[in-house]
Amino acid sequence: MSVFGETAKLALLGSGYYARRMSRLTFPGVAVLCYHGVAPGAGERMAFGPLHVTAAAFEGHCRVIRKLCNPVSFADWQTAMDGGPPLPPRAVLVTFDDGYRSILTLAKPILERYGIPAVAFICSDPAEQRVLLWYDAVERLRGEDAVEQMKYAPFPEWRRLVQGTLTTADDADPQAVLRPDEIRALARVPDFAIGAHTASHVILARATPEEQRTEIVRNKAALEAWTDRPVTLLAYPNGRPGTDYTPESVDIVRAAGFTAAFSMRTGFATASQPRFELPRFLMLRAITAPDLAHRLAYSWYR
Ligand SMILES: [Zn+2]
């Protein structure tokens, strides 16, 4: 990933080098970090484990964000986009995709300790049905290859396969999703926002416009009913332009009453970018705290 050794980065972080360099930097836009779940430790066997950072690694990231950058909330950002007070230099927005329960149990106490706002993009069907997200269920039953094969099946076939693999999960399951009452409670945490991620984590590009609209509108309505808050932000499942969502999907999201949406393109989110395809930086388990500091100070910044 980087030509720079981990030991060197650790030394640079410890010596305050990154902090000194970054105190002079202004990011070209907001660094929106895309997390998924948080794992209690590295030992746990989890489907798509690299997407679940350990609690210890997440705490390290939060320390870097608090020390070297300026964490902002979606409300701060929205205000700035609408012509209000500008964001501070080196603004970072922490986001979580999918709606794992570990956001509440493991991430939230750490976020609060460092005073870092966050957004959680949530699929409402698994939350309502108390089941695993479809790809976690399929991975457990048939392995990761089966997920990849299923992912891009035409919508009706995908839907049938998903129905056939529904797997209930109790709250103690490390990959359990948030319950509706917990989503409601999270929406009431200051500086914590709830966003949409489709009802069932469908690949929008494989669905008809009507099927896409249903997935998007049903998800928004469920989240708004549970939280009593308007849900105005969306992240496209998987999020690769063309492959996972299309210009048609963007039009549907805009028409459904959202104010902005995130893709999985990589980069800083700036005011000049299309507001319904804002980029993010994907956060993986392998990214250590010194690694994050190095990326923020150098590799991403370039
Ligand atoms: Zn997702």
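**Exercise 1. How much space lies in the largest pocket, in Å³? Then work out which residues and elements line that pocket.**

Before you start: this is a predicted model, where local features need pLDDT of at least 70 and side-chain atom pairs count only at pLDDT 80 or more, while totals for chains, interfaces and linings use all residues. Residues are numbered from 1 along each chain as its sequence is written, and side-chain values use heavy atoms, with hydrogens and water left out.

Step 1. Set the rule: on a 1 Å grid over the protein atoms alone, a pocket is an open set of points with protein on both sides within 12 Å along at least five of seven lines, whereas a cavity is a set where a 1.4 Å probe fits but cannot get out; lining residues have an atom within 4 Å of a point. Points are joined across faces, edges and corners, and the volume is the space filled by probe spheres set on them.

Step 2. Read off the volume: about 520 Å³ for the largest pocket.

Step 3. List the lining. It has 27 residues, and His-36, Leu-51, Asn-238, Met-264 and Leu-282 lie nearest the pocket's centre.

Step 4. At least two lining residues come from each of β5 (91-98), α7, α8 (144-151), β9 (260-266) and β10 (278-282).

**Exercise 2. Find the largest cavity and its lining.**

Step 1. Count cavities of 30 Å³ or more: there is one.

Step 2. Its volume is about 100 Å³.

Step 3. Among the lining residues of this largest cavity are Asp-125, Gln-129, Trp-134, Arg-159, Gln-163 and Ser-200. Helices α6 (124-129) and α9 (155-163) each give at least two residues to that lining.

**Exercise 3. Identify the protein donors of the zinc ion and their spacing along the chain.**

Step 1. Donors are N, O and S atoms within 2.8 Å of the metal (3.2 Å for Na, K and Ca); water isn't among the atoms, so a site may look incomplete.

Step 2. Asp-98 (OD), His-197 (NE2) and His-201 (NE2) qualify, at 2.0 to 2.2 Å from the zinc ion. Along the chain, the donors follow D-x98-H-x3-H.

Step 3. Check burial, where buried means under 20% relative accessible area, exposed over 50% and partly exposed in between (1.4 Å probe, protein chains only). His-197 comes out buried at 1%, and His-201 is buried too, at 6%.

**Exercise 4. Describe the largest nonpolar core.**

Step 1. Such a core is a set of buried Ala, Val, Leu, Ile, Met, Phe, Trp, Tyr and Cys residues joined through side-chain atoms within 4.5 Å.

Step 2. The largest one has 81 residues, and Phe-96 and Leu-111 touch the most other members. A second, separate core has 15 residues, including Val-30, Phe-74, Phe-121 and Ala-269.

Step 3. Look around Phe-96, with contact meaning heavy atoms within 4.5 Å. Beyond four places in sequence, its contacts include Tyr-35, Phe-58, Ile-103, Leu-111 and Phe-121.

**Exercise 5. Sort out some salt bridges.**

Step 1. The criterion is a side-chain nitrogen of Lys or Arg within 4 Å of a carboxyl oxygen of Asp or Glu. The structure has 23 of them.

Step 2. Take Arg-45 and Glu-139, paired at 2.5 Å, N to O. Arg-45 sits in the loop between β2 (37-39) and β3 (52-54) and Glu-139 in α7 (residues 134-142), 94 residues apart. Arg-45 is exposed at 60%, but Glu-139 is buried at 7%.

Step 3. Next, Glu-59 and Arg-113: their closest N and O atoms are 3.0 Å apart. This pair joins α3 (residues 55-68) to α5 (residues 102-114) across 54 residues. Glu-59 is buried at 17%, while Arg-113 is exposed at 51%.

Step 4. Finally, Arg-179 meets Asp-171 at 2.4 Å, N to O.

Note on methods
Helices (H or I, at least four residues) and strands (E, at least two) are DSSP runs, numbered from the N terminus.
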